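Grab the viewer and a pencil: here are a few exercises to work through by eye. Try each task before you read its solution.

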2 protein chains.
Amino acid sequence: MNTVPKLNLFIRPATRDDVPEIVRLLADDPLGSQREKYQNSLPRPYYDVFLEIDRDLHNELVVAEAKGEVVGTLQLTFIPYLTYLGSKRAQIEAVRVDQNYRSHGVGGKLFEWAILRAREEDCHLVQLTTNKARSDAHRFYERLGFVASHSGMKLDLNRRA
Amino acid sequence: MNTVPKLNLFIRPATRDDVPEIVRLLADDPLGSQREKYQNSLPRPYYDVFLEIDRDLHNELVVAEAKGEVVGTLQLTFIPYLTYLGSKRAQIEAVRVDQNYRSHGVGGKLFEWAILRAREEDCHLVQLTTNKARSDAHRFYERLGFVASHSGMKLDLNRRA
């Protein structure tokens, strides 16, 4: 039998002190390693953007903690739209789980929190985009009930500058 | 030769008085007609959400105007993320062009505005999701340089409630 040890996990708002650990998670990934800089002294914009997220009522950045360590992260954004009779959506982005804590329910716990928050805020929809290269993530989201009805398109402004 | 009459188009922030015309555009569409209510007295949430968008510095709702009429609309949202070294993205949603003004450059003008605003706000990326059923829109975005690198997934909270 495949028994997975139960982790004592909890989700809490990220603080400024968590920024290095969050960046470590963002960088520890085949796609993230190409674009993040996890080093002893983190580039300043990471902290500037953290402050901006922290101050904004429409954005919530959280970490999953286990045994005093940051083992996962996720950002939730609430966006009001006139569509669907005037409504609000919750958008999930920047989801990462520590490689050493995969298959321990960290992702599930993060999403449980995000969906609960979306309901509390009276959102009618939770949405996310996932890079087509992340096939495992895709299956995980489908198990949660997400439907891949849309195409997620990106325009890189730096490349065109 | 296929000459398209030049429209004198301009993009401006939407006002509360534009709400019925924006809802008309949102509803006048095979997908939108299933979910919007364009009627003489609009459901109140449309106005409530308009106020919320209007007050929020991270959201900009605009209309394209031609000959004193609203012929297009688009909403832009700026979202700060720790990813990409701490950065900001611009997200485009709720794009519609009046059926009678298709192929007059309305969509192009709306996107020109959105990309310019994204650069002004120092965004590194512009992103959107488009329903896979909208194949014309998909081609339009690709011509603008958007790459369909992601899958856009939605979880309908009402259906699961």
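**Exercise 1. Decide whether Ser103(B) is buried, partly exposed or exposed.**

Keep in mind that you're looking at a predicted model.
- Start with the number: the relative accessibility of Ser103(B) is 62%.
- The cut-off for exposed is over 50%, so Ser103(B) counts as exposed.
- One more thing to check is the backbone: phi of Ser103(B) is near 60°, a positive value in a residue other than glycine.

**Exercise 2. Work out how H1(A) and H2(A) are oriented to each other, and what makes the contact.**

- Two packed helices are described by an angle and a distance between their axes.
- For helix H1 (residues 19-27) and helix H2 (residues 44-55) of chain A, the axes come within 11 Å and cross at roughly 110°.
- Angles of 65 to 115 degrees count as roughly perpendicular, so that's how H1(A) and H2(A) lie.
- On the H1(A) side, the contact is made by Val19(A), Pro20(A) and Val23(A); H2(A) brings Tyr46(A), Tyr47(A) and Phe50(A).
- Sort them by class and you get 6 nonpolar residues, no polar and no charged ones.

**Exercise 3. Find out why H1(A) is largely enclosed.**

- Count the buried residues: 7 of the 9 in H1(A) are buried, so the rest of the structure largely encloses this helix.
- They are Val19(A), Ile22(A), Val23(A), Arg24(A), Leu25(A), Leu26(A) and Ala27(A).
- The cover over them includes H2 of chain A, along with strands S2 (59-66), S3 (69-81) and S4 (87-97).

**Exercise 4. Describe the surroundings of Arg117(A).**

- Arg117(A) is part of helix H3 (residues 106-120) of chain A.
- With 15% relative accessibility, Arg117(A) counts as buried.
- Its side chain makes a polar contact with the side chain of Glu120(A), at 2.6 Å.
- Skip the neighbours within four places in sequence, and the contacts of Arg117(A) are Glu60(A), Leu76(A) and Phe78(A).

Note on methods. Residues numbered from 1 in each chain as written. Chains lettered and ligands numbered in written order. Predicted model: local features only at pLDDT ≥ 70, side-chain atom pairs only at ≥ 80, totals over all residues. Heavy atoms only, no water. Axes fitted to C-alpha atoms, helices over the stretch in contact; angles between N-to-C directions. Helix = DSSP H or I, 4+ residues; strand = E, 2+ residues; numbered from the N terminus. Parallel < 35°, antiparallel > 145°, perpendicular 65-115°, else oblique. Contact = heavy atoms within 4.5 Å. Nonpolar A, V, L, I, M, F, W, Y, C, P; charged D, E, K, R; others polar. Buried < 20%, exposed > 50% of the residue type's maximum accessible area, 1.4 Å probe, protein only. Polar contact = N/O pair within 3.5 Å; in protein donor to acceptor, adjacent residues only side chain to side chain.
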